[in-house]
Amino acid sequence: MCGIVGYVGEGSALNMVIEGLRRLEYRGYDSAGVAVLVDGKLETDKRAGKLANLEASLQEQPLPHSTTGIGHTRWATHGAPNDRNAHPHLDCTRSVAVIHNGIIENFAELRADLEERGHQLSSETDTEAVAHLLEEEVASLGDGLDLAEAMRRVCRQLEGAFTLVAVHVDAPDVVVGARRNSPLVVGRGDGENFLASDVAAFIAHTREAVELGQDQVVELRRDGVTVTTFDGAPAATHGYHVDWDASAAEKGGYDYFMLKEIAEQPQAVADTMLGRVGRDGRLHLDEMRLSDDELREVDKIIIVACGTAFHAGLVAKYAIEHWTRIPCEVELSSEFRYRDPVLTTRTLVVAISQSGETMDTLMALRHAREQGSRVLAICNTNGSTIPRESDAVLYTHAGPEVAVASTKGYLTQIVACFLVGLYLAQVRGNKYGDEIKSVVDDLRKMPDKVAAVLERMEPVRALARELRDCTSVLFLGRHVGYPTALEGALKLKELAYMHAEGFAGGELKHGPIALIEEGVPVIAVVPSSLGRGSLHDKVVSNIQEIRARGARTIVIAEEGDEGVVPYADHLVRVPSSPTLLQPLVTTIPLQVFAAEMAAARGHDVDQPRNLAKSVTVE
Ligand code: F6R
């Protein structure tokens, strides 16, 4: 949440910062602001609303040229999303400008003390306290401004989660950053350096990045980067090359990033398997950093995740338990850490997170490690905090996901979980090689099946447009179709701002059926009619029951499944797949439906209201 950019170099700081903010706007769009250093003065502009408002204002009143600057796009926590609370925040002397992502938990106390000492705070934010604390620390350090040291001193007074970036009028070629529990990466260019919440901000200029560790302060100059701990000791850093380029973070001709990301799913699914499954069906996951002995010891798996990633975990549970016979629980990260879960050294905790920065998931994994459990991260973002703090990691290879609503991130999380489940089965000998090979062969066919579904989405889009004025849509599924129903409902809620709920088919008669009235659209995900026949027939019975009560049934069923035809007001066909793998195809019509519904209702598909992509606060 909140996007942060800092720049020092030879180019126009304002252009670099605005360009970075454009790429980070998915992190928050309540307000945007910039500060640049010009001839010993701070020049700032900040506006409530989307970045476009700030850009319009800068167009009207351009800021003077500068080579050092910072910028922020906000997801509001403390204080309303207005101009006054927009970042950057300045101190009393207008010498220091600060931007922040996170929550400073002791801010009320700090603010009261600052006011008692005569500071005038003009916003309702927790961030502003930092600007005034920096003012004090700079003054107490005396001549020869050391902004990094002032920042270290301030950080030692702060509680909570924060990324901070600051500039000072007396340090014209310096940008200082700090991080605790919130993301910040350095981009190393030629004669210029960047700081940002995410590499996307600077990827058009450099692909060389440096991860910052927990409780570190970084001083950025044109020709160098110095990293220290909050105590001032030199800190070891880890540099890496970003393996995607700027074009991956562009819309590429689509109206919305979400549409592009939906379309990228065949490739994303294939890439996530690439190099990990041999033609012989054997899995190669040595990169995970968990030894086979460690995996053989596991006697329980707990998956922790939030939102869409949690739904990927729910799908994974069906597969992992079936393939490995290891009990597998799935829990919302935010619940897990507050309920004293039973964890031992033989528990494997799997933390799923696209961004790698979700605070609740980070806290859950820390809790698990404190209890001695091993943590495996499934993550899409290289260099992010969750994989860094885990014992092991398996990256999804979805490429950058920019739309707030996760699509390719979700499908690749499911694939990565499948790989983990199959690998466990291989290592522990729960399945014979040929059984694993048969699943792997089916998995290999999925990218083509995903592509085939995408090709026939026009009727789904037309249906979404037709239903644009309805007030509620219900989703129904069983087995892995149940998390698919939950995911379909979540997508619709977050994008179309309408009532949407997912149900397990078997629960219908225990309450939800009361919601059925004339014309209510219900999307039913029908399991394969092969193999688990009874499951299929039970969902078909559910469809009959709701149709008899007036529901308008939208049925997602496999090609060749003729049993559903009499009960479907609308039929969406997907290629036939083994039941456990079905979510990789049945989810897609639900994503397309939600995106089209949002567009038809006039909403911003990529940036739904009140949301942000990376939830770095609890
Ligand atoms: C919904 C969505 C969110 C995220 C959730 C977890 O479309 O994107 O529900 O899935 O905020 O995010 P990550 O995976 O980054 O931990």
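User: How many Å lie between an oxygen atom of the ligand and a polar backbone atom of Gln354?

Analyst: A polar contact is a pair of N or O atoms within 3.5 Å; within protein, one must be able to donate a hydrogen and the other to accept it, and residues adjacent in sequence count only if both atoms are side-chain atoms. In this predicted model, local features need pLDDT of at least 70 and side-chain atom pairs pLDDT 80 or more, while totals for chains, interfaces and linings use all residues. Residues are numbered from 1 along each chain as its sequence is written, and side-chain values use heavy atoms, without hydrogens and water. For Gln354, the polar backbone atom is 2.6 Å from a ligand oxygen. Ser353 places a polar side-chain atom 2.6 Å from an oxygen atom of the ligand, and a polar side-chain atom of Ser355 also lies 2.6 Å from a ligand oxygen. On its own the ligand has 410 Å² of accessible area (Shrake-Rupley method, 1.4 Å probe), and the protein covers 89% of it.

User: How many residues surround the ligand, and which are the closest?

Analyst: A residue is near a molecule if one of its heavy atoms lies within 4 Å of it. Here 14 residues surround the ligand, and Thr358 and Glu494 are among the closest, along with Ser353, Gln354 and Ser355.

User: Which helix gives the most to the shell around the ligand?

Analyst: Helices are DSSP runs (H or I) of at least four residues, numbered from the N terminus. H9 gives the most, with three residues. Helix H9 spans 307–324 and helix H17 spans 481–496, and each supplies at least two shell residues.
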